[in-house]
Amino acid sequence: METKDIDHLFRHHSGKMVSVLTRIFGLQHLDIIEDAVQDTFIKASLSWRKEQPVYPEAWLTKAAKNRVLDIFRTLKTQKNHRPNFTQGTDAIAINELFLDSEIEDAQLRMIFTACHPKLDARDRISFALKTVSGFSIKEIGSALLTKEETIKKRLLRVRKTIKKADLKFNIPQGKNLPKRLETVMEVLYLIFNEGFHSNTKDQLIRTDLCAEAMRLGQLLLKHKQTQLPECYALFALMCFHSARLEAKLSVNNEVLDLKQQDRTLWHFPLIQLGNSMMHRAVETDDFSCYHYEAAIAAEHLKAKTFEDTDWNKILKWYNALHILQPMPSHLLTIAVIYMQINEFKTAKTYFNQLQPQHLEQRAYLYYAAKADYYAGTNQLNKALTQIDLALEMVNNNSEKAYLTAKRSTWMEK
C-alpha cells in the first residue's frame, strides 16, 4: 500500500472513529477523542512501516476500540462508574457500536451536529470536513481558500459553542428535521462544488472533495428519515457532474469546455445511477433547487454533441431555479445561454442586472462572459479589455491558460 493510499485510509477512517467515539463519550469530550484517534493513527503509521496488516480497516477499528478504555482513563472517570468492556453487556454494546450500520448512524449524527443552527454558518463546512471527513486543517484551508489560522479559529469557536449550548449528538426528529436537513444538504453541495470547480491555484478539480460529498450523500439516502426527494435530487446532481470529471481537463491539464469535451469519456454508469436517483427525486410535486440543477445537468448529458444541446429546455430550468433561489450566478448563466442561441440583445439585459462584485471570488467569470459577448457582437477591442480583467482576477492556473488561449485566438483575427 502506497503512502497516499495509507493517508486516504487514515483520513477516511478517522472520521468514522471520531463519530463512533463521540457517540460513546459525548460531544463535550470531542477534543480528547480527536487527539486519541490521531494518536492511534500516528502509531499505526509508524508500525506499518515495518509490516502492514492484511486487513488495514479492521486493524484501525480494533485500535480505535482499544482507545475506549484509554479515553476513560484520560477522563479520570471513577472506577465504579467505568464500564467493564471486556465482558458482559457493556462489551456487547460497545462492539455493536462498531458495526457498519452503527458507524454510519454515528457519522450521520455528526453531520447533523456540524450543521446545527447554533453554529456559525461560516464554521459548519470546516467542522464537517474536520470531524466527519477527517481532513487536516491544512487540507481544509486549501479547499476553502482560507488561512490555516482562520480554520483553527473556526474549529475552536465550534467547540466552544458545542460546550456552551450543550448540543446533543443526535439526528433531529419531527418538525426540527427539515430545516436542519436543508443545512446539511447545503454543506454537502458546497463541498462537492469546491471539488468540481476548485478555486485553488494548481487544481481545478478536487476529486477527493467530490467523492467525500457523495459518500456523505449516500449516508443520507441510507437513513429512513432522510430518504427524501430533495436528497435524491442532490445525489443525482452529484452523479451527473461527476460523470463528466474525466473529460473536463486535457492530458496537458488544460480546461476543456462542454464544446471541446470528448463525450465518450463521460462515465455512463454514473449517468445511469443519476437517472435512477432522479426517478426517486421526482416522486413529489414540490421541487427543490437541487431538482432544477440536476435537470439542467441531465440535459447536457442527453446531448450527443454540443450542437444537439436543448438550450431552450435548459433556459426553462434556469428560470425556474432563479425564481426559487435568486442568485447572481444564475443571471450570468442565463446571459450565457442567450448568447448560445444568438440572442445577444436579451443577453445584454441580464448583464445589465449584474455587477462583477456580486459574484465575489468568481467575479472573473463575469468578465470572461462579457468578453464572449463583445466577441460575439464583433467588438473585439472591448472583448480584449474584458478578458484582460478576467485574467487579472482568475486564480486557477488551468483556467488562466484557457482564457489566455482564447485571447490569443482573438488577437489573430
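**A residue, a pocket and a helix**

A: Let me begin with Asp123, which is buried because its relative accessible area is 1%, under the 20% cut-off; please keep in mind that this is a predicted model.

Q: Okay, and where does Asp123 lie?
A: Asp123 lies in helix H6.

Q: Which residues does Asp123 touch?
A: Leaving aside residues up to four places away in sequence, Asp123 touches Arg154, Arg157 and Val158, and with Arg157 there is a polar contact between the two side chains at 2.7 Å.

Q: Switching topic: how much space lies in the second largest pocket?
A: About 680 Å³ of space lies there, and the lining consists of 24 residues, with Gln38, Lys130, Gly134, Phe135 and Ser136 lying nearest the centre of the pocket.

Q: Which helix gives the largest share of that lining?
A: That is H2, which supplies 8 residues, while H1, H6, H7 and H8 are also among the helices that each supply at least two.

Q: And what is the lining like by class?
A: The lining of this pocket has 9 nonpolar, 8 charged and 7 polar residues.

Q: One more, then: is Thr349 buried or partly exposed?
A: Thr349, which has its place in helix H16, residues 344-351, counts as partly exposed because its relative accessibility is 40%.

Q: What does the side chain of Thr349 reach?
A: The side chain of Thr349 reaches the backbone oxygen of Thr346 at 2.4 Å; as for Leu331, 18 residues apart from Thr349 along the chain, the C-alpha atoms of the two are separated by 9.8 Å.

Technical notes
Residues numbered from 1 in each chain as written. Predicted model: local features only at pLDDT ≥ 70, side-chain atom pairs only at ≥ 80, totals over all residues. Heavy atoms only, no water. 1 Å grid on protein atoms, 1.4 Å probe; cavity = no way out; pocket = protein on both sides within 12 Å on 5 of 7 lines; lining within 4 Å. Points joined across faces, edges and corners; volume = space filled by probe spheres on them. Helix = DSSP H or I, 4+ residues; strand = E, 2+ residues; numbered from the N terminus. Nonpolar A, V, L, I, M, F, W, Y, C, P; charged D, E, K, R; others polar. Buried < 20%, exposed > 50% of the residue type's maximum accessible area, 1.4 Å probe, protein only. Polar contact = N/O pair within 3.5 Å; in protein donor to acceptor, adjacent residues only side chain to side chain. Contact = heavy atoms within 4.5 Å.
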